[in-house]
Amino acid sequence: MNRQIQDAYIVAATRTPVAKRRGAFRHVRPDDMLAHVLRAVTAQVPQLALQEVGDVVVGCAMPEAEQGMNVARIGVLLAGFPDRVPGVTLNRFCASGLNAVAEAARRIQLGEADVMIGAGTESMTVMPQMMGNKVAMNPAVFADAENRAIAYGMGLTAEKVAQRYGVSREDQDAFAQASHEKASAAIAAGHFAAEITPYAVREHLPDLAGGAVRIVERWVEHDEGPRADSSREGLAKLRPVFAAQGSVTAGNSSQMSDGAGAVLLMSETAVKRYGVTPIARYRGFSVAGVPPEVMGIGPVEAIPRVLEPAGLTLLDIDWIELNEAFAAQALAVMRTLDMDPARVNPLGGAIALGHPLGATGAIRVATLMSAMQRDPALRYGLVSMCIGTGMGAAGLFERV
Amino acid sequence: MSKFIIRKVAVLGAGVMGAQIAAHCVNSGVPVILFDLPGKDDADGIVKKAIAGLARLEPAPLARADLARQIEVANYDQHLDRLAECDLVIEAIAEKTEWKHALYARVAPHLHDKAIFASNTSGLSINTLAEGCPESLQARFCGVHFFNPPRYMPLVELIASRGTHPALLDRLETFLTSTLGKSVIRALDTPNFVANRIGVFSILAVLHHTERLGLGFDEVDALTGPLIGRPKSATYRTADVVGLDTLTHVIRTMIATLPDDPWAAHFKLPAWLETLVGQGALGQKSGAGIYRKEGKKIRVLDPARGEYRDSGAEVAPEVAAILAERDAGRRLAALRASAHPQARFLWAIFRDVFHYAAHHLSAIAHSARDVDLAMRWGFGWAQGPFETWQEAGWQTVAAAIAADIAAGHAMSATPLPAWVDTLDGVHRVEGAFDAAGARFVARSALPVYQRQLFPERVTGEAERATRTLWENPEVRLWTLDDEDGRHVPVLSFKSRMNAVGPVVLDGIIEAVHRAEREHDGLVIWQPAGPFSVGANLKQIRPLLEAGDFVALEGIVAKFQQMSQTLKYAQIPVIAAVSGLALGGGCEIVMHATRAVCAQESYIGLVEAGVGLIPAGGGCKEFALRTSRAAARTATNDPMNWLQGIFQTLALGQLGKSALQAAELGFLREQDIVVPHAHEVLHVARQTARALHAAGHRAPLAPAGIPVAGRGGIATLQMMLENMREGGLISPHDYRVSLAIATALCGGDVEGGSLVDERWLLDVEREQFVTLLGTPETAARLVHMLETGKPLRN
């Protein structure tokens with residue numbers, strides 16, 4: 001299991017700010033966001049010869065319409081990379097971005113490449129329904145009672161988790177409030193500045209009075225989701241949306257968002273050739289299936305699968321990016337695995353920062369790399385999330 | 001009269017009335033600019049806030065939510081030059097003469113030289129207001145008094161000043177009637193005009209006699225509601241809804257402006273009312289007023305103790321028995337003769353309002369008809385005071401009033417006017433009594449009223465004669481008596497609420513066949529009641545209880561046959577709709593050659609509420625329409641439309657205006673929306689004639705209709721699965737909705753399969769009959785029949 005030819009190192013990582021769905025990036029295409037982070041992450045190693053990039057693996061949860069057409073290859077070309085640099089789109093729903101980073105690392109580990117990019121992009125603005133442009137269920141889902149949970153919306157699965165793991169509305173709201181407080185404090189302290197590459201939005205808008213096209217340019221620098229004015233009272237007023245007697249609300253669920261992230265990986269040979277200082281070593285990735293109706297519990301299965309081969313336990317992990325799809329599932333995962341809350345999402349999570357599905361994995365790797373650069377005391381970091389239709393994923397990184 | 005088009009309206013003042021009048025303009029397709037003072041941060045902030053506030057008002061001022069953006073926003077500082085675009089400018093600011101005059105001086109220079117300028121004052125003198133207009137504007141100035149809420153209250157009082165040009169009033173009346181769909185009366189320039197003068201006096205009389213007889217407010221509300229032909233909210237609850245501050249204001253206006261009124265001694269505010277207003281208990285808007293909601297209980301103020309007590313007082317059986325008496329004369333006489341305080345109360349409020357209205361008739365209105373119609377249209381009374389009086393026996397009631405006056409029982413000692421004794425009633429075939437002119441006057445000869453073949457009549461007025469061409473026990477095919485019935489006859493139902501049962505279905509089919517043989521077209525129109533509340537559940541119940549599903553399926557099949565007969569008639573069949581068109585009524589609308597609908601039409605397929613699905617061709621028609629819409633798109637995917645339609649039908653959602661019904665898909669692009677309900681029949685007949693002239697033929701039956709099939713059903717089922725698992729719908733809701741999905745998607749066939757109408761009708765009928773056989777649906781049907789409300793099971 002652990003045999004490999006060489007190690008893979010993360011040498012650079014960046015992301016766009018994350019905007020609310022139909023927010024700052026409402027007119028920004030996901031392929032443009034991708035091209036932006038691809039240019040930005042490679043710009044961090046100016047001496048890199050771009051034609052040396054072996055492949056660009058891009059996670060995207062709904063790879064259709066504006067983010068269809070193998071968005072990875074489109075992004076590579078739009079970024080101005082040489083024609084010889086290929087691109088592949090990978091879909092594992094919410095773990096797509098993390099899976100893309102892992103896939104890039106493994107290609108290096110196998111000796112197939114020395115320079116790789118793992119990335120993710122997602123615009124939830126362009127999805128007319130949360131299930132993509134055309135929802136089309138298979139009738140077979142309803143033919144067998146066991147398969148019915150395939151049809152469940154994510155919110156409903158969060159309700160099931162809340163029920164089964166006894167996560168109260170109060171605890172969910174407190175968790176959501178903490179997420180906003182941590183994220184707002186992190187923004188105020190400038191902790192995201194290093195990992196974010198600001199985006200210049202350029203919009204063509206009709207000026208009806210003047211009868212001309214007006215070009216509007218805006219500079220987007222910060223995540224749009226965190227609410228400094230969020231309060232327990234405000235959260236408590238929200239009504240459950242997925243179940244009549246439920247506890248999951250818009251306030252204690254992740255936000256729908258637009259964003260992209262990219263991670264540049266190199267083999268030891270390439271690190272030496274380009275004279276770069278790596279940030280971290282890729283230590284492994286795991287995925288695991290769970291029943292679809294409690295998909296949120298996925299990390300409970302995935303995290304041990306990545307820690308055990310590395311000979312580690314959660315006590316060894318200094319920083320955990322646990323995607324907050326829903327407060328209910330994040331709390332259920334933390335309690336089941338007995339995680340130390342102080343190490344989980346120190347800068348807030350998706351409830352505040354947003355969750356652009358397939359991009360989230362790459363974005364949170366960028367956050368972890370930034371934290372490791374900021375704090376020399378951090379050795380091991382973990383990025384993990386639950387996945388629709390019942391899976392979990394986890395990626396392990398070690399500071400070098 | 002030269003033709004005068006009102007291309008655009010300006011409303012000055014974005015208060016509750018101004019904003020709603022602007023909303024009603026856009027409802028009617030009239031462009032409007034709404035003005036107010038400039039705001040502090042955003043110059044247009046006040047108006048924007050008022051427009052945003054429209055969405056929160058109930059009932060909805062806008063006929064369709066997105067119309068809000070059609071209201072143009074303006075402020076007096078920046079945009080007065082835009083008044084030049086407007087042919088009608090309605091001032092609706094606060095009721096202060098100085099403020100109004102100041103605004104008139106400011107806007108007058110910007111009006112174009114033919115623009116009509118009108119004040120929506122509820123009671124200030126129009127002549128006094130006119131003095132604030134420059135000379136050149138005075139001939140174009142008048143009062144135009146809308147009632148709240150302006151979309152729903154039919155009445156608009158039109159008041160001339162001494163200088164108003166008569167032709168201008170005619171133009172405005174035409175516009176208000178035909179374009180805005182309002183019902184106009186011409187009022188004289190006296191304080192509070194007609195409806196509020198009588199209506200507020202009526203409230204004062206209720207206040208007076210409540211106190212005198214020591215009745216509870218809830219008891220009075222039980223008495224002064226539907227039992228005597230007035231709105232359900234009766235007197236005190238209406239006051240809470242309107243706002244006790246507003247009530248205080250209108251009473252104060254009476255006190256200030258009518259010191260010489262013989263009833264002036266009674267123009268006063270009860271102490272409890274002043275106390276409530278002082279405490280900020282203004283009624284519904286502040287959570288407490290005369291009534292207060294405490295949890296699920298509604299408590300009512302006990303004025304003697306200044307505390308709220310449990311409400312729920314009822315009408316005494318002996319009084320209820322009197323009110324059940326059909327003969328108005330015997331009813332009033334019995335109330336007067338009774339010793340029961342409730343009966344004495346009712347007689348007293350009738351008597352004093354009759355007395356008051358008779359005394360003031362000559363000064364405030366052109367005729368008794370205007371007073372009666374004003375009370376119907378402005379206060380929601382089923383009859384105005386003179387109608388009730390006349391129906392009960394003019395001279396008998398007059399003698400009773402006179403005796404009460406003599407005995408000192410009436411609120412004023414003023415004798416009845418002399419003309420009362422000389423008449424046997426104020427409404428006659430030739431017209432209504434004009435007390436100032438001591439003559440009977442006919443209805444307005446304004447051409448716009450020729451569009452109302454059956455205007456709302458007061459009791460005692462002549463009805464237009466009609467002639468029956470054919471009838472069965474539940475429908476009647478008729479024509480106007482003075483017209484050759486050959487062209488376009490009218491089919492009306494005789495059933496209660498115009499419900500559709502087997503005899504109506506037979507009648508419609510027969511009428512279409514007759515019209516095909518003998519006429520140029522057919523209009524389905526109801527002279528009274530809703531267009532149709534749908535299937536006659538009462539007639540279905542015995543079959544259901546007997547478990548006779550063969551007979552039930554036969555009725556559904558006949559329903560479908562009726563719909564297809566309408567659709568494929570060789571003559572144009574026009575559904576002329578106002579009010580409710582539910583279920584089967586909606587299916588008639590959907591299958592008619594054209595629907596001509598009053599803006600105030602409430603159209604929908606609400607079968608899900610009783611555990612059924614539309615099976616008179618409603619689901620079939622939507623499957624067909626969505627496949628046609630999809631064919632015009634690149635992806636040719638009917639699901640783009642079906643999801644919305646599915647939700648509409650599964651929730652039993654109603655289009656709460658003709659425009660909203662069109663948005664929901666119940667009306668088609670070719671259907672016509674008419675602002676005034678009383679013009680619908682005229683437009684429908686003209687439409688039938690035009691279609692006949694255009695060579696109408698039955699449409700070709702669509703062949704090869706692609707359906708969404710089993711994949712579509714599964715996609716819709718996904719929504720249901722989530723709602724059921726989340727406890728948002730019951731298992732039976734799930735079953736009913738799945739049946740709707742199945743009918744809309746054309747059954748358990750592959751997506752894209754080509755079917756025909758017969759196939760779609762078979763699928764919906766089969767789903768319908770299956771649901772009928774479930775105990776939950778049976779329970780819903782029985783509950784609806786017995787309570788009139790849907791059962792959630």
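Which residues point one way from strand 5 of chain A, and which the other way? Val115(A), Ile117(A), Ala119(A), Thr121(A) and Ser123(A) point one way. Met116(A), Gly118(A), Gly120(A) and Glu122(A) point the other way, and all are buried.

## Basis

This is a predicted model: local features need pLDDT of at least 70, side-chain atom pairs count only at pLDDT 80 or more, and totals for chains, interfaces and linings use all residues. Residues are numbered from 1 along each chain as its sequence is written, while chains are lettered from A and ligands numbered from 1 in the order in which they are written.

Strand 5 covers residues 115-123 of chain A, and nine of its nine residues are buried. Buried means that 20 or more other C-beta atoms lie within 10 Å of the residue's own; exposed means 12 or fewer, partly exposed in between, with C-beta atoms placed from the backbone. Helices (H or I, at least four residues) and strands (E, at least two) are DSSP runs, numbered from the N terminus.

Strand 3 (residues 55-59) of chain A runs parallel to strand 5 of chain A, joined by five bridges. Two strands pair if DSSP finds at least two bridges between them. Here Val56(A) stands opposite Ile117(A). Strand 8 (residues 257-267) of chain A runs antiparallel to strand 5 of chain A, with nine bridges. Asp258(A) in strand 8 is the bridge partner of Ser123(A).

## Two helices of chain A

Helix 2 (residues 71-78) of chain A has buried residues Val71(A), Ala72(A), Ile74(A), Gly75(A) and Val76(A). Their cover includes helix 1 (30-43), strand 3, strand 4 (87-90) and strand 5 of chain A. Just after helix 2, Gly80(A) takes a positive phi of about 85 degrees.

Helix 9 (residues 298-307) of chain A is mostly covered, with eight of its 10 residues buried. Among them are Pro299(A), Glu301(A) and Leu307(A). The cover includes strand 9 (280-289), strand 10 (319-322), helix 10 (327-337), strand 11 (380-387) and strand 12 (391-399) of chain A.

## Chain B overall

Chain B holds 30 helices and 24 strands. Its C-alpha trace spans about 80 × 65 × 60 Å along the principal axes. A compact globule of 793 residues would have a radius of gyration near 28 Å, and chain B agrees because its value is 28 Å. That radius is taken over C-alpha atoms; the globule rule is 2.2 Å times the number of residues to the power 0.38.

Buried residues make up 51% of the 793 residues in chain B. Of the contacts in chain B with a separation of 6 or more, 70% join residues 24 or more positions apart. Contact means that two C-beta atoms, placed from the backbone, lie within 7 Å.

## Core and chain interface

The largest nonpolar core has 385 residues. Such a core is a set of buried Ala, Val, Leu, Ile, Met, Phe, Trp, Tyr and Cys residues joined through C-beta atoms within 7 Å. Those that touch the most other members are Leu38(A), Ala119(A), Val263(A), Leu265(A), Leu34(B) and Ile740(B). Helix 14 (residues 341-364) of chain B gives the most to this core, with 14 residues. Leaving aside neighbours within four places in sequence, Ile740(B) contacts residues including Ala608(B), Phe646(B) and Leu649(B).

Between the chains, 19 residues of chain A are in contact with 14 residues of chain B. Helix 4 (140-143) and helix 5 (154-164) of chain A each supply at least two residues of the chain A side. By class, that side has 12 nonpolar, four polar and three charged residues. Ala, Val, Leu, Ile, Met, Phe, Trp, Tyr, Cys and Pro count as nonpolar, Asp, Glu, Lys and Arg as charged, and the others, Gly among them, as polar.

## Domains 3 and 4 of chain B

The domain assignment gives domain 3 (464-606 + 652-699) and domain 4 (619-648 + 702-793) of chain B, among others. These bounds come from an automatic or database domain assignment. The C-alpha centres of domains 3 and 4 of chain B lie 24 Å apart. The contact takes 15 residues from domain 3 and 15 residues from domain 4. On the domain 3 side, helix 21 (549-567) of chain B gives the most, with six residues.

Ala535(B) sits in the loop between strand 18 (522-524) and helix 20 (537-546) of chain B. Ala535(B) counts as buried because 28 other C-beta atoms lie within 10 Å.
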